[in-house]
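Student: Please take a close look at the aromatic pairs here, and explain how each one you describe gets its label.

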Amino acid sequence: MRSTAPIPTRKLLLTIGAGFALSLLLLAGVSLFGLRELAATDARLKSVVSENITKEHLTDEMRDLLRARAFSLLSIVVITDPFDKNDELNHFYKLGEGYQLTRQQLAALPISAEESAILTRIDRLTHDICPVEWQVADLGFQGYTFLAFDVLQNKGIAAQLALVAELDRLIAVQQSAIGIAQHQSDRDYDRTRRLMMILGAVAVAAALLTALLVLQRAARLTRATERERTRFLTLFETNTDGILILDGNYFTQCNPAMLSLFGIGSLAELQGFDPWPPENGDTGREGTIQDHLLRAYEQGHDSFEWVCQRADGSRFTANINMYAMQLDSRKHIQCVIRDISGQKAAEDSLKAAHADALAATELKSQFVANVSHEIRTPMNGIIGMTRLLLGTDLAPKQREFAEAIDYSSQSLMRIINDLLDFSKIEAGRLTLEETPFNLNDMLSEVVALNRPRTESKGLTLEFEVDGNLPTWLRGDAFRLRQILLNLLDNAIKFTEKGKIRLEVDCPSGASSGLYRFRVKDTGIGIAPQSLPHIFESFSQANGTISRQYGGTGLGLAICQQLSQLMGGKLTVSSQIGQGSQFELSLPLSTASHSITAPADAPPQQAPGHFLSGHVLVAEDNPINQKLTRYLLENLGLCVSIAEDGRQAYEAIRQSEVDLVLMDCQMPDWDGLMATRAIRDWEREAGKRRLPIVALTAYAMNGFERDCTEAGMDGYLVKPLDEAQLAACLSKWLPMKHRDPSAPPPTRPAVSDGLDIDHVRRACRDDPDQIREMLELFIGSTKELLGKLHEARQKGDARQIGRMAHQIKGACAYMGAHSMVRLTSVIEEAAKRDDLAAADTAQQGLEGEFIAVVKEIDAILARSLSDL
């Protein structure tokens, strides 16, 4: 019989075989699955790391380009050389192109929803900051440095910081993605290992084989992980920023850049070193390093600036970024430290340059103010004496000459005012006033002031106002009037035949608030190449314009800047030989129709006489003393003179005075010091407040406020006008109006001599005043010559120039022309510190004065009736 295996045995074998086969199949299936999962995990890790490293590099490059673009923009504002500025502008463009190219490269990479949202905000911020950067670059390129810094301070810096913050946030997201990928890879590895262990429990053979495969794969994965670790360590070691890993307060790891940054040899040395002394803490935020560490643990990130200390004791400013991270299931802090001392030095340099520019502008404004003061002092005498002269009986030819002097002096005052306005605008010290004004009255006044000039040139002056415009508006009527007068003055100046036309309308209706003022002429026109420069300072169409028509080239520049300050826009269009059109678009609001003229508006009628009053004049210039005395006596007032502020103070304490005219710039005590002393004395003695009116040629903006703060009640700018003076004094002194038809008194003529006719006209033919003026000249000049002699002996060039300047003013007023020439020589020699030339001219001056005194003595020897 054939022997056969028992059926249970065969079933067992089949079962074992099937089980083994099933185990093999299970092992193969699970192994394939595990291998596929490990490969996928490895690929995902590599992909995430590679993509995020690339994205982080591009983002960091965008941030560096953004910083470089900001520095380039600041350089455009600061650089004064046009060629360097143009080169820097081209560099600015290239940086912008690089930024956009880097952004496009970043957009081509796969990005997450969070990264997409951040990039959207970055694009929006980039779009918002571009107009600001262009505006700053344009202002800097045109030379408007302080306006460029103002736009940069108010708009650019905040947007720049927001953009940098978004880039930092994007880097943080990318770094977080690497950590997440690493964590996911670790979880996949653990899951695969558990599957392999289960397979070993099911079948020993399959488990051994699976274990072998797992070990082999694990070895490969370990090698791959080691390669990734080496790659990350390379990035860590070669990073130029210092990187420090902290576990609480303990330094666990740092890169070489960190050791080099602080001048330390090893991590062990770093453990006992404090790189951030607490007394030199963060300039922008409160707290200590511990506070920042706690904030980083809680919020995941913290960024700040800190003054760090090296091992050798030197210090530097650093930008510190702290990031919370998990290592060995514990929270650590990765601290990235970047030395920004160079950046801070550049910022400090820019700030210093800005401060120097502001100081230079302020110095220039102060210089213009001082020059204005020096010019206005003699102008006070010229205009005041001319007005007094025009108030006397004059022959037709004499009146023509006097009116020519008055017109010329007024023209000179307009030039002085233009220079002052330009200086105020340039220094940013010109202020606008928002007051109600009558549009029709203001325009009618502007036209009326210019109609005589147009008629004298045979021109037609047309005036058209939209009838639907409101009567009362709110704005700065004085500056609007100034712009229109300047535009009409230019139109009349450059038009020889035809007409001038002023048009006013509101194209979009009065509710829009945008009013349009147009000045058209049929004059010589402006060349196309000159139109872009027509509003520049000291610019005219060509060199012959100034010689043929005159002018400083400041008028249109002032109009343009005033229109911009008022929120408007001034444009020009022109054709050669056909004329020009200047158009001012200006926002104005409607005012209530019930507004009336200000209560303190000057009276329109001719000045009258005061019923009574004793006025003390504090003035150190003898000629200005005399002029002011005559103006006040002509108004019926009693006048006393004080040489300086201290004398004025003593005079007020010893006698009854109704009002004080106080010059602001005097030797010993100036007007402000004297006023403060008077106010203190009034409070201590319980006296009534004495009206004190400032009398000054210093017309810069803000000085009137200084006078008010010192205790003055009024403010008069030289040269004095009789009507202006009367209007000011009428606030405190009772007056009656004179009859304008009453003829002025006449005096007999006097003999010729030391330009005695000029003195006679200034004194209104009053013999007593003539004699007093001549005696004053002799006495004051003798005293000044004595001081000049003392200054010459001391070798004090500054005092020599000052004394010569005072003598020259009195001699010019008296018509002693030879003495004027000699004092001018002395003054110029003193400025050059040429004492020898000053000494020679002074000897000649003393001889000329003796001759002049003899001539005056001969005049004074005559009877009062002859004078």
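Tutor: Rings of Phe, Tyr and Trp, the last by its six-membered ring, count as a pair if their centres lie within 6.5 Å. Planes under 30 degrees apart make a pair stacked, planes over 60 make it edge-to-face, and the rest are tilted. The model is predicted. A search of the whole structure gives five aromatic pairs.

One of them joins Phe-92 and Tyr-93: the ring centres are 6.5 Å apart and the planes stand at 55°, so this pair is tilted. The two residues can also be described by their accessibility. Phe-92 has a relative accessible area of 0% and is therefore buried. Tyr-93, with a relative accessible area of 34%, is partly exposed.

Another pair is formed by Phe-304 and Trp-306. Here the centres lie 6.0 Å apart and the planes are at 80°, so the label is edge-to-face. Phe-304 is buried, at a relative accessible area of 4%, and Trp-306 is buried as well, at 1%. Both labels rest on two values, because a pair of aromatic rings is described by the distance of the centres and the angle of the planes.

Phe-92 has a further contact to note. The charged end of Arg-69 sits over the ring of Phe-92, at 3.9 Å from the ring centre. The ring of Phe-92 is thus placed by two descriptions: a tilted pair with Tyr-93, and the charged end of Arg-69 over the ring.

Conventions. Residues are numbered from 1 along each chain as its sequence is written. This is a predicted model: local features need pLDDT of at least 70, side-chain atom pairs count only at pLDDT 80 or more; totals for chains, interfaces and linings use all residues. Side-chain values use heavy atoms; hydrogens and water are left out. Buried means under 20% relative accessible area, exposed over 50%, partly exposed in between (1.4 Å probe, protein chains only). A charge sits over a ring if NZ of Lys or CZ of Arg is within 6 Å of the ring centre and within 35 degrees of the ring normal.
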